[in-house]
Amino acid sequence: LDTLEKWVTEIFSEIPNNGLPKPSFGHLTQPFDTPEFHKLYRVVPIRKVHSLSITWALPPQEQYYRVKPLHYISWLVGHEGKGSVLSFLRKKFWALALYGGNGETGFEQNSTYSIFSISVTLTDEGYKHFYEVAHVVFQYVKMLQQRGPDKRQVIWEEIQKIEANEFHYQEQTDPVDYVESLCENMQLFQKEDFLTGDQLLFEYKPEV
C-alpha cells in the first residue's frame, strides 16, 4: 500500500482540481415524450429469432442506488417459478425465455431518465400471438403495482442475501478493469459505497 500510494502521488498529484461541480441534466425531464415513443416497431432480424421487447422511460433512479428498485422489479418479472410470467407463457408454448431490467449503464440510467426493459424470446407460435404476450406482461406489471411491495420484504431480503454472497465470493477481476469501475463509482455513490454501491442492496424502502 505504501508503494502504491507513492506511485499515485507521483503520477496524479500535479493534476489540477478546477473545482467544477459534476454536470447534471436533471432539468431535462421526459426526454422521450414524443409520439414516436408510444408505438410498436417491427424489425426484421438477420438470424431466425423472434423477440418482443417492451421499454419504459422512467424518472432518474440512480439516486436510489441503496434501494435498487429496478433490480427488485426485474427480479420479480424475471422469476421463472410457479405463477411467473415465463411459466405461464411456456405453458402456452409462446415463449422460451424472458429477461427484465436495467443495465445501469450511462445509456440506461443517468440524471435525466432510467430505462426499464422486458425482453421475451418467442416461439414461432408466440410470434403469432405477440399481442397476447404483451398483454400478459402488462397484466403482471399491473398486478405488482396493485399489490404493492409492502408485504414483499422477504423477497427483498432474499435478493439482498444473494447479492451479498455473490459480492463476497466473486472471482478476482483484472486490476485495470477494477480501477476503472471504481473511478466510475466515485462519480455516482457516496464515498463509503465506492466498493459496493453498484452491487449490494442496503435499504428496504417500499415507497421508492
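Trainee: What does the secondary structure of the protein come to?
Mentor: This is a predicted model. The protein has 7 helices and 3 strands. From the N terminus on, the order is α-β-α-α-β-β-α-α-α-α.

Trainee: How much of the protein counts as buried, and how is the surface made up?
Mentor: Buried residues make up 27% of the 208. The protein exposes about 15300 Å², and carbon and sulfur atoms supply 58% of that area. The C-alpha atoms fill a box of roughly 65 × 40 × 40 Å along the principal axes.

Trainee: What share of the contacts comes from residues 24 or more positions apart?
Mentor: Among contacts with a separation of 6 or more, such residues account for 73%.

Trainee: Now the rings. Why is the pair F130 and Y131 called stacked?
Mentor: Two tests. The ring centres are 4.6 Å apart, and the limit for a pair is 6.5 Å. The planes stand at 25°, and stacked requires under 30 degrees. The structure holds 6 aromatic pairs.

Trainee: Are F130 and Y131 buried or exposed?
Mentor: F130 has a relative accessible area of 11%. Buried means under 20%, so F130 is buried. Y131 comes to 55%. Exposed means over 50%, so Y131 counts as exposed.

Trainee: Which residues form one aromatic cluster?
Mentor: W56, F116 and F138.

Trainee: What makes R66 lie over the face of F202?
Mentor: R66 is at 4.3 Å from the ring centre of F202. The distance limit is 6 Å. There is also an angle limit, 35 degrees from the ring normal. R66 is listed as lying over the face.

Trainee: On to charges. How do you know that D124 and K48 form a salt bridge?
Mentor: The closest N and O atoms of D124 and K48 are 3.9 Å apart. The cut-off is within 4 Å. The pair qualifies. The structure holds 7 salt bridges.

Trainee: Where do the two partners sit?
Mentor: D124 is in helix α4, residues 124-128. K48 is in the loop between α1 (2-12) and β1 (50-58). They are 76 residues apart, and the pair links distant parts of the chain. D124 is at 45% relative accessibility, hence partly exposed. K48 is at 72% and counts as exposed.

Trainee: What makes E203 and R66 a salt bridge?
Mentor: Their side chains meet at 2.9 Å, N to O. That is within 4 Å. E203 lies in the segment after α7 (175-186) and R66 in the loop between β1 and α2 (69-77), so the pair ties together parts that are 137 residues apart in sequence.

Trainee: Why do E203 and R66 count as partly exposed?
Mentor: E203 is at 26% and R66 at 25%.

Trainee: What makes the phi of K68 worth a remark?
Mentor: Phi of K68 is near 55°, a positive value, and K68 is not glycine. K68 lies in the loop between β1 and α2. At 6% relative accessibility, K68 counts as buried. E104 also has a positive phi, about 60°, without being a glycine. E104 lies in the loop between β2 and β3 and counts as partly exposed at 37%.

Trainee: Which residues of α2 are buried, and what do they pack against?
Mentor: The buried residues are P69, L70, Y72, S74, L76 and V77. They pack against β1, β2 (95-101), β3 (114-122), α5 (130-147) and α6 (153-168).

Trainee: What does the UniProt annotation cover?
Mentor: The unreviewed entry places "domain: Peptidase M16 middle/third" on residues 167-207. Over that range the chain is 34% helix and 0% strand. The end C-alpha atoms are 26 Å apart.

Note on methods
Residues numbered from 1 in each chain as written. Predicted model: local features only at pLDDT ≥ 70, side-chain atom pairs only at ≥ 80, totals over all residues. Heavy atoms only, no water. Phe/Tyr/Trp six-rings, centres within 6.5 Å; stacked < 30°, edge-to-face > 60°. Buried < 20%, exposed > 50% of the residue type's maximum accessible area, 1.4 Å probe, protein only. Helix = DSSP H or I, 4+ residues; strand = E, 2+ residues; numbered from the N terminus. Contact = heavy atoms within 4.5 Å. UniProt positions renumbered as here; feature names shortened; annotations may be inferred. Areas by Shrake-Rupley, 256 points an atom, 1.4 Å probe, with all protein chains shown as cover.
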